[in-house]
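Please look over the model shown here before reading on. The notes after it are arranged by topic.

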Amino acid sequence: MNAELTAVGLGPGDPELITLKGLRAVQAADVIFAPQSRDGDASIALRIATPWIDPSRQEVVTLPLPMTRDSSQLRPAWQAAAEVMAATLGAERRGVYLLLGDPLLYGTFFYLWRELRVCAPTLPVKVIPGVTSFAAAAAAAGMPLAMADERLIVLPASYETDAAALQRLLAEFATVVLMKAGAAAPSIRTALEQLGLLDHALYAERVGLEGEFITRDLRTLDPHHRPYLSLIIVRRGEVL
Ligand SMILES: C[S@@+](CC[C@H](N)C(=O)[O-])C[C@H]1O[C@@H](n2cnc3c(N)ncnc32)[C@H](O)[C@@H]1O
């Protein structure tokens, strides 16, 4: 058998939101790779996949990846992680790389893939999609993401936090999904208040994980609590 690597989207937290195809790939793997969590804690992806991993026959390798926007630190870390992956797989082993949600939505995998193409150009790489965090949040709250001819936009919250920016977006899009809401949540809340849209938004934190908190009442948000695993969905159109 030839070595291969599959990136598996695990969904946002509930282990049962993995796809059947993802589950089969995890269980068939000789090596499980997972990025180290942002907080230096055990990998969240690894914790989600724990019920599906058998440590007695599968090797688990966590890859420390710096949480910075500084490309001078990032590039060498991606290169080192890709080299570890290629060396661990060798010529024959099957590996999976675990990610939260969908691998190609703000995920770390693409950077690794780029480096793998340099250090292991013949290694076959596949991607198995996953349920995104915003799809799971919308489902949990019963909020439509888009209906009929409506338009939907997904973007990182850090750039769109004031009322003018949100108003511009909502003029064009029926639904605005703001990922990476953490630090921006208090200013988004203020903007929604100014626009009279507090009742048209959803805040979702740690969906499917311990500490899950999902609310349609953004007035209750503590401005000092800014968790990384949080998102906000704002909908101009109908909500129940
Ligand atoms: C690096 S991105 C990964 C997105 C992921 N690939 C996806 O498909 O949802 C991290 C951001 O995704 C969102 N996120 C991921 N998992 C989440 C969860 N369980 N609950 C709430 N938000 C989550 C948050 O906005 C967080 O800042």
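Predicted model: local features only at pLDDT ≥ 70, side-chain atom pairs only at ≥ 80, totals over all residues.

Five strands form an open, parallel sheet, and helices α1 and α4 both lie across strands β1, β4 and β5. A ligand is surrounded by 24 residues, with strands β8 and β10 each supplying at least two residues of that shell.

**The parallel sheet**

- The strand order in the open sheet is β3-β2-β4-β1-β5, and the pairing is parallel.
- At the edges are β3 (59-63) and β5 (125-128), each of which pairs on one side only.
- On average, neighbouring strands of this sheet are turned by 20° against each other, direction ignored.
- Strand β1 (residues 4-9) runs parallel to strand β4 (residues 94-99), and six bridges join the two.
- Within this pairing, Glu4 has Arg94 of β4 as its bridge partner.
- In general, the strands of a sheet pair through backbone hydrogen bonds, either parallel or antiparallel.

**Helices across the sheet**

- Helix α1 (residues 20-28) lies across β1, β2 (31-35), β4 and β5, and runs at about 135° to β1.
- Helix α4 (residues 109-119) lies across β1, β4 and β5, and runs at about 150° to β4.

**Packing of α3 and α4**

- Helix α3 (residues 71-89) packs against α4 at an angle of about 60°, and the two axes are 8 Å apart.
- The α3/α4 crossing is right-handed.
- On the α3 side the contact consists of Trp78, Gln79, Ala81, Ala82, Glu83, Met85 and Ala86.
- On the α4 side the residues met are Tyr111, Leu112, Glu115, Leu116 and Cys119.
- By class, nine residues of the α3 contact with α4 are nonpolar, one is polar and two are charged.

**The ligand shell**

- Of the 24 residues around the ligand, the closest are Pro12, Gly101, Tyr106, Ser133 and Val207.
- Among the contributing elements are β8 (201-205) and β10 (230-235), each supplying at least two shell residues.
- The class count for the shell is 13 nonpolar, seven polar and four charged residues.

**Strand β8**

- How many residues of β8 are buried? Five of the five are, so β8 is largely enclosed by the rest of the structure.
- Ala201, Tyr203 and Glu205 point one way from β8, whereas Leu202 and Ala204 point the other way; all are buried.

**Ala157**

- Where does Ala157 sit? Its place is in the loop between β6 (152-156) and α6 (163-172).
- Is Ala157 buried or exposed? Ala157 counts as buried because it has 21 C-beta neighbours inside 10 Å, and the cut-off for buried is 20 or more.
- Not counting residues up to four places away in sequence, Ala157 touches Leu178, Met179, Lys180, Ala181, Ala184, Ile188 and Ile232.
- Ala157 and Ser71 are 86 residues apart in sequence, and their C-alpha atoms are 21 Å apart in space.

Key: Residues numbered from 1 in each chain as written. Pairing = 2+ DSSP bridges. Helix = DSSP H or I, 4+ residues; strand = E, 2+ residues; numbered from the N terminus. Axes fitted to C-alpha atoms, helices over the stretch in contact; angles between N-to-C directions. Contact = placed C-beta atoms within 7 Å. Buried ≥ 20, exposed ≤ 12 C-beta atoms within 10 Å, placed from the backbone. Left-handed = near helix turned anticlockwise from the far one by under 90°. Nonpolar A, V, L, I, M, F, W, Y, C, P; charged D, E, K, R; others polar. Near = placed C-beta within 6 Å.
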